[in-house]
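My notes follow in the order in which I looked things up.

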Amino acid sequence: LNSDEAPDVLEYNKGNATAGLLASQGLLMPLDDAVAEYGWDEQLAPALQTTARYDENGIMGSGNWYGVPTYGEFVMVYYNEDMFAEHGIEIPTSQEEFEQVLVDFTEAGVTPLAEAAAEYPLGQLWYQLALTRADREWVDAYQLYTDEVDWQGEEITYATETIKDWTDAGYISSDATGLTAEDAGTAFINGEYPIFYSGSWWYGRFGAEITDFEWSTFLYPGADMSPGSAGNMWVIPERAQNPELAQEFIDITMRPEIQAIMGNNGGVPVDADPADITDEKSAELIEHFNTLNERDGIAFYPDWPTPTFYDELNAGLQELLNGTLSPEEVQEQLGQQYQDGVDDIVG
């Protein structure tokens, strides 16, 4: 990027450690004028704009526009319709009803949740549980460092204690400590579990590989927010030779007809007209995403605040499932690791 060979446009990852770092080093071109000219800000929900803007320190959420995302991603509940029907279980509409679903399956001898603690699924479920007790102010404090995060507060305490309770009750297998996301996902594909809480990136694969049962999805009940974000972004390097042409290219990808193509092929476009989505499964996926955006419900991911927190969160939750640390000890450990990482970033 810091050469005459820089491309005119580049797809790049979002976040403080990626696009934010390049922006702070002067390697990306500010796009504020182009955003105003093409009206991209009117096509992107507020939470999706967060990952497109960075301040002088490369921290997302404010400052200049440095990227334009064309698609999104989010986490939801996948469920096996046949298993729900077999056991006479209805789709839950609240946190209490969701827990009753877990009870009902467990009492029928079925472990309800396909989980993995060696990688992201369990961390995202932990964060979702915190979001059932959180608001946007808490999310901004956790993700954008706008305030201190109370690691013994209601949000995190509820999440950590609930994961422990669910494991003790058999809703989550203790074997999940050594399982990967692939293990959990393929177990759901094979019909071994009725519920898998994970991201929209599994949607297309499930559609292609699940042939033995019917499946569907719903947003996590009892929460206005879910883990998720804008996808990777188009960025223009500061040393691009044809930045105006790059802007025209970005605008093509934001047009309704292109957004519709993405939406009808398993993607999650940021600005698709629902009337243009003809594929039934794709329409369901996009409806969920639009619902989250309409209620400002995109809450990013639990590991985003620091470069090392993904591994630290997974390790802490593994110890929680193993019983080697209590919920309070896990929170204390994660809180210190989180704060050390934030201090390294903001000083």
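**Helix α7 and its neighbours**

I began with a helix contact: Y120, L122, G123 and W126 in α7 meet Y310, L313, N314, L317 and L321 in α15. Contact here means heavy atoms within 4.5 Å. By class, this contact of α7 with α15 has seven nonpolar, two polar and no charged residues. I count Ala, Val, Leu, Ile, Met, Phe, Trp, Tyr, Cys and Pro as nonpolar, Asp, Glu, Lys and Arg as charged, and the others, Gly among them, as polar.

A note on the source: this is a predicted model, where local features need pLDDT of at least 70 and side-chain atom pairs count only at pLDDT 80 or more, while totals for chains, interfaces and linings use all residues. Residues are numbered from 1 along each chain as its sequence is written, and side-chain values use heavy atoms, with hydrogens and water left out.

I then looked up the geometry. Helix α7 covers residues 120-131 and helix α15 covers residues 309-322; they pack at an angle of about 85 degrees, with their axes 9 Å apart. Axes are lines fitted to C-alpha atoms, for helices over the stretch in contact, and angles run from 0 to 180 degrees between N-to-C directions. Helices (H or I, at least four residues) and strands (E, at least two) are DSSP runs, numbered from the N terminus. So α7 and α15 are roughly perpendicular to each other. The cut-offs are under 35 degrees for roughly parallel, over 145 for roughly antiparallel, 65 to 115 for roughly perpendicular, and oblique for the rest.

Next I checked α7 against α8. Their axes come within 11 Å and cross at roughly 140 degrees, so α7 and α8 are oblique to each other. W126, Y127, A130 and L131 in α7 meet W138, V139, Y142 and Q143 in α8. That contact divides into seven nonpolar residues, one polar and no charged.

**The core**

Which residues touch the most other members of the largest nonpolar core? I found L125, W126, W138 and W166, in a core of 112 residues. α7 gives the most to this core, with eight residues. A nonpolar core is a set of buried Ala, Val, Leu, Ile, Met, Phe, Trp, Tyr and Cys residues joined through side-chain atoms within 4.5 Å. Buried means under 20% relative accessible area, exposed over 50%, and partly exposed in between (1.4 Å probe, protein chains only).

**Strands**

Strand β7 (residues 195-199) is mostly covered, with five of its five residues buried. Strand β5 (residues 72-80) runs antiparallel to β7, and five bridges join them. M76 stands opposite S198 in β7. Strand β6 (residues 113-114) runs parallel to β7, joined by two bridges. There A114 has F196 as its bridge partner in β7. Two strands pair if DSSP finds at least two bridges between them.

I also found an open sheet of three strands, in the order β1-β10-β4, with antiparallel pairing. β1 (10-12) and β4 (68-69) stand at the edges, each with a single partner strand, so one side of each is left without a neighbour in the sheet. Three bridges join β1 to strand β10 (residues 233-235). E11 has W234 as its bridge partner in β10.

**Loops**

Is L219 buried or exposed? L219 is buried, at a relative accessible area of 13%. Its place is the loop between β8 (215-218) and β9 (228-230). Not counting residues up to four places away in sequence, L219 touches F74, M76, H288, T291, L292 and R295. L219 and L292 are 73 residues apart along the chain, and their C-alpha atoms are separated by 8.8 Å.

A118 lies in the loop between β6 and α7. A118 is partly exposed, with a relative accessible area of 30%.

Last, I looked at phi. Most residues other than glycine have a negative phi. Y145 is not a glycine, yet has a positive phi of about 60 degrees. Y145 sits in the loop between α8 (136-144) and α9 (154-168), and is buried at 16% relative accessible area. F300, also a residue other than glycine, has a positive phi near 65 degrees. F300 is in the loop between α14 (280-294) and α15, and is buried at 1%.
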